[in-house]
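I opened my notebook to record what I looked up in this structure.

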Amino acid sequence: MPKKIMVLGETRGGQLRNVSFEAIAAGKTAAQSGEVVGVLIGDSVQPLAQEMIRYGADRGIVVEDKNLSHYTSDGFTQAFMAVLDQEQPDGILFGHTALGKDLSPKLAAKLNAGLISDATDISEEDGQIVFTRPIYSGKAFEKVMIDEGLLFATIRPNNIAPLKRDEGRSGDVSSVSASIKDLRTAVEEIVRKSADGVDLAEAKIVIAGGRGVKSKEGFQPLKELAEVLGGAVGASRGACDADYCDYSLQIGQTGKVVTPDLYIACGISGAIQHLAGMSNSKVIVAINKDPDADIFKVADYGIVGDLFEVVPMLTEEFKKVKAGSL
Amino acid sequence: MNLIVLMKRTFDTEEKITISDGRIQEDGAEFIINPYDEYAIEEAIQLRDKHGGEVTVITVGNDDAEKQLRTALAMGADKAVLINSEEDIEEGDQYTTSKILVGYLKDKEADIILAGNVAIDGGSGQVGPRVAEGLGIACVTTITNIEVNGQNVLITRDVEGDQEKISTSLPLLVTCQQGLNEPRYPSLPGIMKAKKKPLEELELDDLDLDEEEAAPKTKTTDRFMPPEKAAGRILKGDTADQVKELAALLRSEAKVI
């Protein structure tokens with residue numbers, strides 16, 4: 001049965017995030033030849049609506065209000081509920097981002113609905129939409145479905161391929177008004193600590209350091225490599241506990257779970273908790289002095305050696321490769 | 001202050017996972033307090049020590065969770081509540097758990113409810129925010145700092161590595177992120193005292209909740225292990241050659257650069 005699926009478009013630095021395009025692609029599967037509607041919420045998001053359509057949405061809806069300039073749970077809940085009241089969709093898809101994680105369970109509770117969080121795949125089986133999602137931080141997976149009622153899920157970044165951008169595609173964009181008021185939380189200040197724009201969970205390339213990095217300064221060569229490759233820097237719990245870096249960089253069973261195209265583990269031994277957070281990456285490179293380190297068991301390519309020697313050489317080599325490819 | 005912590009018993013992070021007949025095998029596995037819930041317990045104890053009041057730790061599960069509740073009491077919580085859903089619910093989901101918790105919490109007038117940001121087994125991070133919505137109170141997720149002044153609350157939350165400073169007021173539910181605090185280990189006197197602290201056990205009937213109301217909305221149809229990775233390649237030769245070879249492989253074979 002064709003369905004109407006609402007996909008929330010999320011912005012970062014004024015641009016739509018990749019995960020929103022991935023969610024549109026998932027929406028296409030969920031809609032079963034029905035309609036995918038892109039929803040944008042903010043204080044000035046109208047110009048981005050056509051971009052959601054170019055990535056596969058059939059039409060767009062925007063909710064704009066000055067009280068929506070920063071994300072707040074209450075503000076975005078009110079805005080999204082106004083859209084749902086008008087559209088009465090069959091399904092909702094968000095990215096499994098900080099915003100998606102915060103907003104989706106509150107909406108699901110309000111709607112008395114089920115919610116499938118952090119899906120890495122979507123498929124149709126015997127006419128039913130089935131989601132695959134990691135459990136135990138990726139040590140295992142489960143298939144989950146919602147038998148009846150609203151289909152509601154969040155999509156993990158980097159797992160479902162977006163559709164190809166179609167410049168010629170266009171569609172209708174309408175506006176829904178909502179009165180955004182009585183917000184119970186207020187954002188007083190945002191302190192930017194993350195590296196320029198590349199979010200760890202969404203990064204296509206992650207360079208991660210462990211205890212072998214030895215100090216705060218030891219992360220410098222990793223940062224340089226990440227910069228050359230356009231990747232993000234992550235860390236093992238060991239490096240975070242030793243205060244070499246901020247906990248927000250931690251990858252593992254506690255911390256973030258990442259699935260980039262390329263994961264380069266530098267001076268990380270490969271404790272089971274860390275492996276849970278990264279072993280589903282597409283390609284894994286391990287650089288470690290200890291040839292018996294467990295990290296080599298999940299690595300596609302390994303270099304046994306001192307990261308302080310290997311990583312700067314890699315940076316130089318990739319600079320050459322990148323220069324050559326231009 | 002009436003502080004309530006939502007706790008979950010989970011597999012130890014050291015454990016390997018095995019599946020048979022589509023179910024996770026629990027025999028012989030070690031269980032712990034979900035690591036994110038330890039931050040919640042620690043923060044609740046610190047808030048109580050500063051502002052006075054009482055910390056109640058609550059879990060939904062079966063008798064086995066008594067061990068983790070005693071550990072929370074040994075850390076310094078004052079009371080524990082086990083809502084035993086084993087008899088009534090065969091397989092619940094996040095909707096189920098939050099309905100049960102709301103059933104218990106609706107007349108408890110908590111000032112702050114603290115939960116983990118996510119449980120390391122199911123990994124959905126839904127129950128905390130769902131409970132807040134069910135109780136009609138505000139909710140702030142992934143907090144790394146909290147200061148309470150009378151009814152006013154200042155919170156720092158982690159948003160993908162950035163910090164958001166939030167002002168709000170009581171009553172409130174928060175979910176706790178790494179970096180909030182350093183959870184204490186139970187002391188020996190703490191463990192002795194914990195044995196005498198109250199641990200109440202309830203069933204769904206005691207909450208005036210029938211199992212239909214808490215019936216899950218989602219259905220798990222299969223569980224499986226990720227595909228085994230083939231053994232990787234350890235590069236040979238001197239370091240300069242290995243580096244060159246790696247760059248070439250990532251470009252031509254793996255096609256990720």
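**Ground rules**

I am working with a predicted model, where local features need pLDDT of at least 70, side-chain atom pairs count only at pLDDT 80 or more, and totals for chains, interfaces and linings use all residues. Residues are numbered from 1 along each chain as its sequence is written, chains are lettered from A and ligands numbered from 1 in the order in which they are written, and side-chain values use heavy atoms, with hydrogens and water left out.

**Chain B as a whole**

I looked up chain B. Its secondary structure comes to six helices and 15 strands. Helices (H or I, at least four residues) and strands (E, at least two) are DSSP runs, numbered from the N terminus. The C-alpha trace of chain B spans about 65 × 45 × 40 Å along its principal axes. Chain B has 257 residues, and 52% of them count as buried. Buried means under 20% relative accessible area, exposed over 50%, and partly exposed in between (1.4 Å probe, protein chains only). I also checked the contacts (heavy atoms within 4.5 Å). Of those in chain B with a separation of 6 or more, 70% are between residues 24 or more positions apart.

**Strand β11 of chain A**

I went to residues 151-155 of chain A, strand β11, and found five of its five residues buried. In a regular strand the side chains alternate between the two faces of the sheet. On one side of β11(A) sit A:L151, A:A153 and A:I155, and on the other A:F152 and A:T154; all are buried.

Which strands pair with β11(A)? Two strands pair if DSSP finds at least two bridges between them. Strand β6 (residues 91-95) of chain A runs parallel to β11(A) and is joined to it by five bridges. There A:F94 has A:T154 as its bridge partner. Strand β7 (residues 116-119) of chain A also pairs with β11(A) in the parallel sense, over two bridges. Here A:I116 stands opposite A:A153.

A:E148 lies in the loop between β10 (140-145) and β11 of chain A. Is A:E148 buried or exposed? A:E148 counts as exposed, because its relative accessibility is 66%. Its C-alpha atom is 23 Å from that of A:I135, 13 residues apart along the chain.

**A sheet with strands from both chains**

I traced an open sheet of six strands with parallel pairing, in the order β15(A)-β14(A)-β16(A)-β17(A)-β18(A)-β15(B). At the edges stand β15 (232-235) of chain A and β15 (233-234) of chain B; each has a single partner strand, so one side of each is left without a neighbour in the sheet. Inside the order, β14 (residues 205-209) and β16 (residues 262-266) of chain A pair over five bridges. A:A208 stands opposite A:A265 in β16(A).

**Cysteines**

I searched for disulfides (pairs of cysteine sulfur atoms within 2.5 Å). For A:C240, the nearest cysteine sulfur belongs to A:C245, 3.7 Å away. A:C240 is buried, at 2% relative accessibility. For B:C176, the nearest is that of B:C139, 11 Å away. B:C176 is buried too, at 0%.

**Where the chains meet**

The contact takes 85 residues from chain A and 74 residues from chain B. The buried area between them is about 6900 Å², and carbon and sulfur atoms give 56% of this. Buried area is the accessible area (1.4 Å probe) that two parts lose on being put together, summed over both. A:Y136, A:R184 and A:Y301 supply 11% of the area that chain A buries against chain B, more than any other three residues.

I counted nine salt bridges between the chains. A salt bridge is a side-chain nitrogen of Lys or Arg within 4 Å of a carboxyl oxygen of Asp or Glu. One of them joins B:D162 and A:R192, with the closest N and O atoms 2.8 Å apart.

**A:Q250**

A:Q250 is in the loop between α6 (237-241) and β16 of chain A. A:Q250 counts as buried, at 1% relative accessibility. Which residues does A:Q250 touch? Not counting residues up to four places away in sequence, its contacts include A:C240, A:K256 and B:Q178.
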